[in-house]
Amino acid sequence: MTTTRQTLQVFKDSVLASKILIAEQDDSSANQKPSKNGTVKIIEGLSSSIVKSFEEDEVTGQELLALEKEDLVEIGITKKGTIAYLFAEIKRLARAQGQNVVLIEHSPYCFGKIIDHLRLESMFVKGLVDHKPEVPTVRASEKSRFEKVVKHYFPGESSKFLLEN
């Protein structure tokens, strides 16, 4: 079962919502077309003819990251020094992009309970259900872990919607 970003952002001030928002911004920038203000300009020192080659081929940010040395030659970049420099910069951008991945390493049981509750909250907010959902029922062996995960993603007062009083 999938979950929409909107559901994960029901509580806008949560750590979870901010992680999703950051990932959303990274996704949108990774698919921009290179232009005078776009992806290729992030690589300092490129000539306007090289930037123009990327623009003419409509290379997106994701495609730029997937390019190999042979692809650069096909685009029309023939100077060995330029190819080496550009390839090194593409690898650097790929590493930088990899640092923006949202990785959630918590108990699938606990995180599943949170997601289920967020789905119910989202339905309540949209008026699809009449009653505000009750806090999730968590098995005794997972209560401590569940509380830690909730407090991580929903610090302070925001955790109350998921935890019993």
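Rings of Phe, Tyr and Trp (for Trp, its six-membered ring) are taken as a pair if their centres lie within 6.5 Å, and planes under 30 degrees apart count as stacked, over 60 as edge-to-face and the rest as tilted. By this rule there are two aromatic pairs. What you see is a predicted model, in which local features need pLDDT of at least 70 and side-chain atom pairs count only at pLDDT 80 or more, while totals for chains, interfaces and linings use all residues. Residues are numbered from 1 along each chain as its sequence is written, and side-chain values use heavy atoms, with hydrogens and water left out.

Select F111 and Y153: the ring centres are 5.6 Å apart and the planes stand at 65°, so this pair is edge-to-face. Because F111 lies in helix α7 (residues 108-125) and Y153 in helix α8 (residues 143-153), the pair ties together parts that are 42 residues apart in sequence. Helices (H or I, at least four residues) are DSSP runs, numbered from the N terminus. F111 is buried, with a relative accessible area of 13%, and Y153 is buried too, at 1%; buried means under 20% relative accessible area, with a 1.4 Å probe and protein chains only.

Next, select F154 and F161, an edge-to-face aromatic pair with 5.1 Å from centre to centre and 80° between the planes. F154 is buried, with a relative accessible area of 1%, and F161 is buried at 13%.

Of its 16 residues, I114, L118, F146 and F154 touch the most other members. The elements that give two or more residues to this core are α7 and α8, and α7 gives the most, with five residues. Which residues are in contact with I114, leaving aside its neighbours within four places in sequence? They are F146, V149, V150, F154 and L162, where contact means heavy atoms within 4.5 Å.

Finally, show the whole protein chain, which has eight helices and zero strands. Buried residues make up 35% of its 165 residues.

Key
Buried < 20%, exposed > 50% of the residue type's maximum accessible area, 1.4 Å probe, protein only. Core = buried A, V, L, I, M, F, W, Y, C linked by side-chain atoms within 4.5 Å.
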